[in-house]
Amino acid sequence: MLLRNCFIRSWGAFKDICKPSVAHTQHNLFRFYVNDVPNDSPKVCVVGSGPSGFSITQTLLKNHPSLLVDMYEKLPVPFGLIRYGVAPDHQDVKNCINGYNKTAESHRFSFYGNIEVGKDVSLDMLWSQYHAVILCTGAQKERNLNIPGQKSKNIFTSKQFVGWYNGLPEYQKLDIDLSGGNAVIVGVGNVALDVARMLLKPQGLLKETDIATEAHEKLLQSNIKNVFLIGRRGPLQMACTRKELSEITDLPHISTSIEEEHFGKAVQDALKKKDLKRRKQQRLVSYLLKMAKMSKSNVSADSNLSVLFLRAPLEIITNNKLVKSIKFLKYRMKDDNPYEAKPVSTEEVEEIPCDLLVSCIGYDNEPIDSAKIPFENGKIVQVNGRILDDEGLYACGWCNHGAKGVLADSSNDSMLTGSTVLSDLHFLFAKKGNLSGSRQIITHFKNSGKTIVKWNDWKKIDHFEVTSGKKMNKIREKVLSYDEMISFVRS
């Protein structure tokens, strides 16, 4: 433990120790101690190929001269949330894939797709073959509304609806009915705004994206004209960005309605007090207030967006098991500090017409191995990404801190967890010795007949999708079947 304790426990502590080298880049700072690691290559396993998985892989490979990274992904294709979560009209956000592709070309990186950790291979097995195992599995467990009627027809979670239009295979058979006129979206985060935009945006603007073709064709026939975006708390707690909101409100055919009553004196006073930590939040709420005062009513509008606050869903009303309306309990804010205000029931119930309901109320973490991973209040117990002291188990991204933030937050988190892993490697190598990494694991899969998708196999799928897309004047046409994806491995 004396050897262990001499190494850096966090990025902040490391910077303090290296104050004489303040002018160094982060790259050089890492190498300040990484060069002392033994010549034998430490082996690191990254579980998950989304933004956090690739970001921490980039951090590790860049800042260690010999470390090897094996990435395991439960799907046959990489990129996780970038591929199946980012909206089709946000192709600029997906440009990070270019950097991920460069990382994947490193001779010190290996990709193993179609392998689900916890099912196909145990965490114990990975632990025994790698010096460090980093969980980058995201937040997988969706929250439910938990109200009467939620099992009715035409009610979907954000994961289902977003997965449907983004081509996630398991959601391509969803029976989504867009023949009605009213859609209700519970939630006011960026995902909720993505869903609202997909319903309201002229579909001609989406035809050249990577949207799933069948979903696009159904959206072209949509009769949805009124979208209600409903938040449980007030405008100061709205979790989206100003840019995401304006992408809808600036559409020329949209009429926007925002209740001005929720922007009372306490809220407006809070906006006048400039707060750097809340600058983005204040910009958003200032924009909301501006829109509320304008009461944007577009005489030429053929669709409407209504943003409603302080409403909690109570009950779903159905007709022949099909959603027809939703009852909401209305709230008011009670607190001198509007940022920390708690909603208080008014006992007033409001019923809103609804032909399509999408709940966008977030995700919780779900452990791969609850017996080994300490959980508290639905989150992994960790310090600077380190889960179990002295054992080489780490968490990064949403599975670390929950489903919040944007891609830049995943990058920042990868730096923090990455610095922790790098500072631990010398100790972990000394403790575990020279390990085999993927060798024994892949041999096991070959003997069992399990099909493994490697990076060159993914490149075949990628080439097929891009080529198919070009024929349709699209960025790509995604393969919508896992079996078809696997077929490229055998071709």
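Mentor: What follows takes some terms in turn and sets each value against its cut-off; the model is a predicted one.

Trainee: Why is glutamine 172 called buried?

Mentor: Its relative accessible area is 13%, and buried means under 20%. The value falls under that limit, so glutamine 172 counts as buried. It sits in the loop between helix H8 (158-166) and strand E7 (182-186).

Trainee: Which residues does glutamine 172 contact, apart from neighbours within four places in sequence?

Mentor: They are Gly163, Trp164, Gly167, Ala212 and Leu480.

Trainee: How do you know that H9 and H11 are roughly parallel?

Mentor: The axes of H9 (residues 190-200) and H11 (residues 242-249) cross at roughly 15 degrees and come within 10 Å. Angles under 35 degrees count as roughly parallel, so the term applies to H9 and H11. The crossing is left-handed.

Trainee: Which residues meet where H9 passes H11?

Mentor: From H9 they are Asn190, Leu193, Asp194, Ala196, Arg197 and Leu200, and from H11 they are Glu244, Leu245, Glu247 and Ile248. By class, this contact has 5 nonpolar, 1 polar and 4 charged residues.

Trainee: Which residues of H11 are buried, and what do they pack against?

Mentor: Glu244, Leu245, Ser246, Ile248 and Thr249 are buried in H11. The buried residues of H11 pack against H9, strand E9 (254-258), helix H13 (279-294) and strand E10 (303-308).

Trainee: What makes methionine 485 buried?

Mentor: Methionine 485 has a relative accessible area of 0%. Since buried means under 20%, methionine 485 is therefore buried. This residue is in helix H18 (residues 482-490). Leaving aside neighbours within four places in sequence, methionine 485 is in contact with Pro76, Val77, Arg83, Tyr84, Pro169, Ile461 and Val479.

Trainee: How far apart are the C-alpha atoms of methionine 485 and aspartate 457?

Mentor: They are separated by 9.0 Å, with the two residues 28 apart along the chain.

Definitions and conventions. Residues are numbered from 1 along each chain as its sequence is written. This is a predicted model: local features need pLDDT of at least 70, side-chain atom pairs count only at pLDDT 80 or more; totals for chains, interfaces and linings use all residues. Side-chain values use heavy atoms; hydrogens and water are left out. Helices (H or I, at least four residues) and strands (E, at least two) are DSSP runs, numbered from the N terminus. Buried means under 20% relative accessible area, exposed over 50%, partly exposed in between (1.4 Å probe, protein chains only). Contact means heavy atoms within 4.5 Å. Axes are lines fitted to C-alpha atoms, for helices over the stretch in contact, and angles run from 0 to 180 degrees between N-to-C directions. Angles under 35 degrees count as roughly parallel, over 145 as roughly antiparallel, 65 to 115 as roughly perpendicular and the rest as oblique. A crossing is left-handed if the near helix is turned anticlockwise from the far one by less than a right angle, and right-handed if clockwise. Ala, Val, Leu, Ile, Met, Phe, Trp, Tyr, Cys and Pro count as nonpolar, Asp, Glu, Lys and Arg as charged, and the others, Gly among them, as polar.
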